Amino acid sequence: MAEEAVKALEPNAELLEWPKKDKRRLLHAVYRVGDLERTIKFYTEGFGMKLLRHRDIPEEKYSNAFLGFGPEESNFVVELTYNYGVNSYDIGSGFGHFAIATEDVYKLVEKLRAIGGNIIREPGPVKGGTSVIAFVKDPDGYTFELIQRGPTPEPLCQVMLRVGDLDRSIKFYEKALGMKLLRKIDRPEQKYTLAMIGYDDEDKTTVLELTYNYGVTEYTKGNAYAQVAICTDDVYKSGEVVNVVIQELGGKITRQPGPIPGINTKITSFLDPDGWKTVLVDNEDFLKELHG
């Protein structure tokens, strides 16, 4: 009986090695805004992002824009979606913030203030530390943390999400997506613990910051923030891995692996145990779509 159990686990053990071998990075975060031109103006003039792509799909009544600090082939970007006639959204209590690394937080805050940015935490060192940070809200109410840091290839450096069981979430992102736990910080005096997870060091790439507030196991998702996208060399195999991990830790497949009708980019999507959505996108198809 024991031998049969071991044999049954062997294929999964091999399959679960796949995310660590795969070629992955965070591609973009998708969220909804009430005025696309207003947000593009704020991000380009205030944060210094570049508008990389802009498309209008009138038959489906939406427009979207991709912005970031470098080309989509190498950098993490934001994908802003405007649905015709919808000018506000509920961000919910679960989404935390995006973060931007800059060499001078004080200078960036003054630039943002000058164009009407809502500074919700003035620049200065973190409590009990030396890192200089500030927080600002964009015109739709999304929070951005500004972090003082030396030159980096990826200034758009974090997506923060709140979770109900941090250890479960870490395990999920390690096993289902092949991410590495970069650091874990407990702040008992402020009653929270956070974990930084990703595919490379924090000063080199975008990471997820998962935050657990003591005693809080559920959050509202709202209808504003949608998902992150991650690239993979094999959507089908990656989907199999996610399915195995979901059976162990929770979550839900929301789209089986396969091509999107019309553009043929292969994707799969799923919810983590807290309901946060991730889309896995085929590497080659993503590049074809970019250059098509």
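## Burial and overall dimensions

A residue is called buried when its relative accessible area is under 20%, exposed when over 50%, and partly exposed in between, using a 1.4 Å probe and protein chains only. By that criterion, 50% of the 292 residues of the chain are buried. The structure is a predicted model, in which local features need pLDDT of at least 70 and side-chain atom pairs count only at pLDDT 80 or more, while totals for chains, interfaces and linings use all residues. Residues are numbered from 1 along each chain as its sequence is written, and side-chain values use heavy atoms, with hydrogens and water left out.

The chain contains seven helices and 16 strands. Its radius of gyration is 19 Å, close to the 19 Å from the globule rule for 292 residues, so the chain is as compact as a globular protein of that length. The radius is taken over C-alpha atoms, and the rule is 2.2 Å times the number of residues to the power 0.38. Along its principal axes, the C-alpha trace spans about 70 × 50 × 35 Å.

## Annotated domains

The unreviewed UniProt entry places the feature "domain: VOC" at residues 25-149 and 155-283; such annotations may be inferred rather than shown by experiment. Residues 25-149 are 18% helix and 46% strand, with end C-alpha atoms 21 Å apart. For residues 155-283 the composition is 22% helix and 44% strand, and the end C-alpha atoms lie 22 Å apart. Helices (H or I, at least four residues) and strands (E, at least two) are DSSP runs numbered from the N terminus.

## Nonpolar cores

A nonpolar core is a set of buried Ala, Val, Leu, Ile, Met, Phe, Trp, Tyr and Cys residues joined through side-chain atoms within 4.5 Å. The largest has 62 residues, of which Y31, Y43, F47, M49, F144 and L146 touch the most other members. Helix 5 (residues 166-177) gives the most to this core, with six residues. Another core, of eight residues, lies apart from it and includes L27, C231, I267 and L290.

Contact means heavy atoms within 4.5 Å. Leaving aside residues up to four places away in sequence, M49 touches Y43, T44, L67, G68, F69, V78, I100, F144 and L156.

## Cysteines

With a disulfide defined as a pair of cysteine sulfur atoms within 2.5 Å, the count is zero. The sulfur of C157 is 19 Å from the closest cysteine sulfur, in C231, too far for a bond. C157 is buried at 1% relative accessibility, and C231 is buried at 3%.
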